Amino acid sequence: MQYQAPANDLRFLLFDVLGADRLHELEKYADATPDLISAVIDEAGKLAAEVIQPTNQAGDREGCTYDPETRSVKTPDCFKDAYKKFVEGGWTALDAPLEYGGQGLPHTLKFVVDEMVCSTNLSLGMYPGLTHGAISALHAHGSDELKTIYLEKLISGEWTGTMCLTEPQCGTDLGLIRTRATPNDDGSYAIEGTKIWITGGEHDLVDNIVHLVLAKLPGAPDTTKGISLFVVPKFLPDSGERNPAFCGGLEHKMGIKGSATCVMNFEGAKGWLVGEPNDGMRAMFTMMNEARLMVGMQGLGLAEMAYQESLGFARERLQSRSLSGPKNPDGPADPIIVHPDVRRMLMRQKVLNEGMRALALFAGHQLDLSVAHPDETVRESADDLVQLLTPVVKSFLTDEGFNNANTGLQVLGGSGFTTDWPLEQLVRDGRIARIYEGTNGIQAMDLVGRKLSLKGGQLVRTLFGTLSGYLKDNPEAPHREELKSAMKALETATLWLASNAPKDPEQAGAAATPYLRLMALTVIGYLWSRMANVANEKLAADEGNKPLLESKVVSARFYFEKLLPEVDWLLGDIQSGKDSLMAFSDDHWAA
C-alpha cells in the first residue's frame, strides 16, 4: 500500500500540544511560521510516498554490489534519481546553518522528515542522514578553513559524510582503536588503519565522500583520552587527487541491503585534524548524539509503516465471525479487525507509535529551545532534557519500533512471513537500529552511569520538575493518578540507584535497561495525558478534527490501562538487584 504521512497527528502534536507553532517567535527560527511547517509536512509526505517509497523493495532486492578490482560500490539503480530529487528539493539543507547554504529551520522539522524518509526507505535515508551528523561535527569543532572547504557541499548534498569509529577488534570500547595518524610536513596527517561497519563508506550517489575518522596521534594515551578526530576526503578538494581511503568490501547483512555498509582501509590517506589533539571523542559525540536521535526516528518510521500495512490488511482480510455476531453479514466472513486479539495488536502499534512520536518531537522541540530561546534558564532546562532523553529516544523507539514491526507481521499471519508483503523487510531492516550507534544496553548504561549524575543530578530533577509542574498546572489532567503513580515509581527507582549504584557498579548495570524503559513509559504517559487534555478541551469547544480528537482520548485510556502498568514490574526488576543475574559461576552455564 502507498504510505500516508501522519500529517494530522503531526499537526496536532506540533501545534496543539507542544507549541512548536510559536517557534517563529524566536529570532533564530523567524521563518518557521505555522504555514511553513505545514508546507514542510505536506511536501515531505509527498516526496516520501511518491519518490522514496517506490525504491524500497526494489533497493532491498538489488542491494549494493562491490567491485574488488576498482574497490568501488554500486548502489541500487533506483536510488540515484530518488537521491537527486531529495537533494534538489533542498531536504539535505533543512536545518543546516544559513551561513553555509542551509535553510536554518528548526531541528524539530528534521525529525518530522526523518520519520517519513525512514518509513519509506531506511537504507536510502541513511546516506543524507549520517551526512547531517558530519555537518554538525564540523560546524561545531572544525576550523574556519575546514568549514569553508566542506560544509557547503555537504549541506547541498553534493557530497556525503561518514563516521568512522568501529574497528575489527573494538566496538563501543573505542580506547582500543589502532588507527594511527602521523603528521605530514604540510600540516595534514597520514591516516592508517581499518574501520568496519561504515555506513556510506563508498558508493556512487555523489562525487566525493567525507570521512570523519577517529585515530591516535604518536605518543597519545592509549585510552579514549588519546583519540583525535580527522576529516579524510575520498578525493582531495584542492587537487581532485584520489585519497587512499578505500573500501575493502561490504558487510553481509540481514537487512538495510541498499545501504552500503563498508569495511574501510585507510592506507596513508591524508586527513586534517578536527578540533584539538586528543579531544576527538568530544567532537565525535556531537555527531554520535545527533545520530542516536536520528536512529530513534528510524525505529518510529518503520513502526509507522508496519502499522499502516497491518491496519490495511486487517480491514480487508476476511476470516471467521465476530464473537459478538456477524459484522459483514453479506460476506463469507468478517474482516479480522473485528477480533479482540487483532485489535490488541493494532492498538498497541497505534498507541505506542503516537506516544513515541510525541516523545521524539518533544525532544526535538526542547533541542530547538536549547539553542534559540532568549532566556538562559529556559535554554539550560531544555538542554538538560535533551541530554537526558537522547538515550531514551534512541533505545525505546528502536526497541518498540522493531517490536511493532514484528507485531505487524503477526497481524498478517502467514502472509507476513513471505516476501510478497513488505512486513518481513521492515522487520529485517528495523533490527539493526537497536544495535548501531551504541547498542541499547550501552544507551541504558549511559543514562544511569552518566546522565543521572551530570550536574549533580540536575538533568533528572529538570525532568521531574517538568512532570510535576504539568500536574500542578492541570489539576484535572486526564489519568492524573496513573501518571502520579508512574512518576513515583520512577522517583523510587532513581533513589534506589543513587543509593546502591555508588557502592556496587554492577547494581547500576543490572538496573540500567529496565530503568531506561521505566523512564520512557513514564514520559510517554505524561505526553499522553497532555494529548488527551488538549483533545478534551477541543472536543468541548467543538473545534478540530473530531475523529482524531476522539481517537486520542480512547488511545490515552488504552495506554494507561494496558501499557503503563508495566512500570510496576520494571520497578520490581530494578529493586530486586543484581544477585540472581550475577550468581552463575562459570560451570553453571554448561550444566
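The paragraphs below go from the overall fold of this predicted model to its charged side chains. Residues are numbered from 1 along each chain as its sequence is written, and side-chain values use heavy atoms, with hydrogens and water left out. Because the model is predicted, local features need pLDDT of at least 70 and side-chain atom pairs count only at pLDDT 80 or more, whereas totals for chains, interfaces and linings use all residues.

The protein has 18 helices and 9 strands, these being DSSP runs numbered from the N terminus (helices: H or I, at least four residues; strands: E, at least two). Its radius of gyration, taken over C-alpha atoms, is 24 Å, which agrees with the value near 25 Å that a compact globule of 591 residues would have; the globule rule is 2.2 Å times the number of residues to the power 0.38. Along the principal axes, the C-alpha atoms fill a box of roughly 80 × 65 × 60 Å.

Of the 591 residues, 58% are buried, where buried means under 20% relative accessible area, exposed over 50%, and partly exposed in between (1.4 Å probe, protein chains only). Among contacts (heavy atoms within 4.5 Å) between residues at least 6 apart in sequence, 73% join residues at least 24 apart.

The charged side chains come next. There are 56 positive and 79 negative side chains, and the centres of the two sets lie 4 Å apart; Lys and Arg count as positive and Asp and Glu as negative, while His and the chain ends are not counted, and the place of a charge is taken as NZ of Lys, CZ of Arg, CG of Asp or CD of Glu. Side chains of opposite charge can pair when their charged atoms come close. A search of the whole structure finds 38 salt bridges, each a side-chain nitrogen of Lys or Arg within 4 Å of a carboxyl oxygen of Asp or Glu.

One of these joins Asp334 to Arg321, with the closest N and O atoms 3.0 Å apart. Both residues lie in the loop between helix H8 (280-316) and helix H9 (340-372), 13 residues apart. Asp334 is buried, at 0% relative accessible area, whereas Arg321 is partly exposed at 30%.

Within helix H16 (residues 546-563), Lys546 and Glu550 lie 4 residues apart, about one turn of the helix, and their closest N and O atoms are 3.9 Å apart in a salt bridge. Lys546 is partly exposed at 48%, and Glu550 is partly exposed at 37%. Finally, Asp9, Glu115, Glu304, Lys350, Glu354, Arg357 and Lys552 are linked in a network of salt bridges.
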